[in-house]
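Please keep the sequence and the model in view while reading.

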Amino acid sequence: MPIEKTYTDAMLGTFRNMLQECKDKKMSGEAFDKMAAAMSRMEALALEMNDLGAFSAKMATEGLFTDFSTAYGAVLAEEGQKKYTSSGTYDDDKLLQQTLSGYENSLVQLNNHPDKERLQASIQNVIDLGRSGINYPTFLRLLIEKGLDKAMEGSIISREALEKDIHWAAELILPVYEKRNREILAKYDEMAAVAVFGVPDSIVFSMERFRIDSAFQPAINKYQAIIDRWGRLLELVHDWIDAHTSFAPYDERWVSLGGMEMTKRNIKYCKECYPGYFKVREDIFNRYFAMQWDDVFVHESFSNERKARRCMYTDAYIEFLKEVYPHCKPFSTAPPELIAKAEQYHNDKAVFIK
């Protein structure tokens with residue numbers, strides 16, 4: 001699933017406009033082709049990837065923003081040279097004005113960018129340098145020496161995007177992800193505080209981000225593994241008790257296209273084999289995570305999944321599964337009173353949260 005269009009539009013919209021402006025003016029040449037190639041790569045990554053942070057890091061490590069900006073400046077320079085060269089004479093001043101005009105136009109195009117203030121301040125510094133009375137070659141040299149080209153990399157490393165990552169994790173009640181994302185933002189702020197233009201070096205930041213991601217990955221994997229495994233335990237108990245009910249032959253969990261005989265075979269398999277599967281899984285769950293059945297319901301992951309409505313059983317049905325649990329063991333049959341309760345929950349549509 002691609003990254004949400006709202007985010008990619010915010011990050012790539014400015015570049016799309018700049019490329020379209022060049023297309024509208026029918027610009028061409030090697031620099032234009034490089035700019036178009038960088039844009040094409042950005043668009044491809046936006047479609048291929050589903051994580052905004054990884055997308056930003058990939059853009060930074062491949063240097064796509066820098067490549068695009070460099071090519072864009074070259075396109076403007078080439079256009080200016082064509083426009084302002086007469087009788088083979090190169091007009092330095094007019095070429096500088098043409099380049100600065102392009103940067104001034106980009107200020108307006110950045111109005112809707114999520115990191116507008118930082119980027120516009122960086123571009124304004126470039127414009128001020130160009131308006132200081134220097135010639136074009138000096139302008140280009142100082143642009144690099146003063147690090148103004150690096151200052152504009154803030155569009156790749158957007159602080160607002162990092163804050164949205166924290167908000168996303170908090171909204172979905174994913175505490176390990178939220179802690180990781182907060183640490184990434186803290187690293188960004190730490191690097192920004194000592195950076196000349198308040199923007200961390202994109203390559204160094206991407207490496208730091210990778211380090212933080214790697215450090216948190218084991219905790220994230222463990223947290224998700226716990227959820228997956230207690231979720232399967234609940235499902236096994238749920239399916240086992242329902243396999244004893246009168247509605248089981250008509251439930252999609254067991255109905256077979258092979259007819260009623262095959263359906264009954266599926267039900268029999270569930271009733272006889274699921275308790276064994278459950279005990280094996282419970283044992284593995286205990287050995288890996290030191291958790292028993294009762295521990296599930298007091299673990300933070302359980303309360304978080306309930307609050308986030310990813311565990312959709314009703315509170316009453318959770319309590320019912322606790323009643324069923326002692327009976328879900330090999331060579332056992334569900335008591336009639338629990339079967340009757342399961343049928344009642346089914347008929348009342350009280351198994352899952354509506």
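## An aromatic cluster

In this predicted model, one aromatic cluster is formed by W230, F278, W293, F297, F302 and Y325. One of its members, F297, also has a charged neighbour: the charged end of K322 sits over the ring of F297, at 4.5 Å from the ring centre.

## Aromatic pairs

The count of aromatic pairs comes to 19.

Are the two tyrosines, Y317 and Y345, buried or exposed? Y317 has a relative accessibility of 0%, so Y317 counts as buried. For Y345 the relative accessible area is 19%. Buried means under 20%, and Y345 is therefore buried too.

## The largest nonpolar core

The largest nonpolar core contains 52 residues, and W230, L234 and I241 have the most contacts inside it. Several helices each supply at least two residues of this core: α9 (159–171), α10 (175–194), α11 (202–242), α12 (260–289), α13 (293–296), α15 and α16. The largest share comes from α11, with 15 residues. W230, named here for its contacts within the core, is also a member of the aromatic cluster.

Which residues does L234 touch, leaving aside its neighbours within four places in sequence? L234 is in contact with W293, F297, F302, C311, Y313, I318 and L321. Among them, W293, F297 and F302 also belong to the aromatic cluster.

## Another core

## The chain as a whole

How many helices and strands does the chain have? The secondary structure comes to 16 helices and 0 strands. The chain has 354 residues, of which 44% are buried.

Contacts in the chain can also be sorted by separation in sequence. Among those between residues at least 6 apart, 67% join residues at least 24 apart. The chain exposes about 18,800 Å², and carbon and sulfur atoms supply 53% of this area.

Technical notes. Residues are numbered from 1 along each chain as its sequence is written. This is a predicted model: local features need pLDDT of at least 70, side-chain atom pairs count only at pLDDT 80 or more; totals for chains, interfaces and linings use all residues. Side-chain values use heavy atoms; hydrogens and water are left out. Rings of Phe, Tyr and Trp (its six-membered ring) pair if their centres lie within 6.5 Å; planes under 30 degrees apart count as stacked, over 60 as edge-to-face and the rest as tilted. Buried means under 20% relative accessible area, exposed over 50%, partly exposed in between (1.4 Å probe, protein chains only). A charge sits over a ring if NZ of Lys or CZ of Arg is within 6 Å of the ring centre and within 35 degrees of the ring normal. A nonpolar core is a set of buried Ala, Val, Leu, Ile, Met, Phe, Trp, Tyr and Cys residues joined through side-chain atoms within 4.5 Å. Helices (H or I, at least four residues) and strands (E, at least two) are DSSP runs, numbered from the N terminus. Contact means heavy atoms within 4.5 Å. Accessible areas come from the Shrake-Rupley method with a 1.4 Å probe; for residues, only the protein chains shown count as cover.
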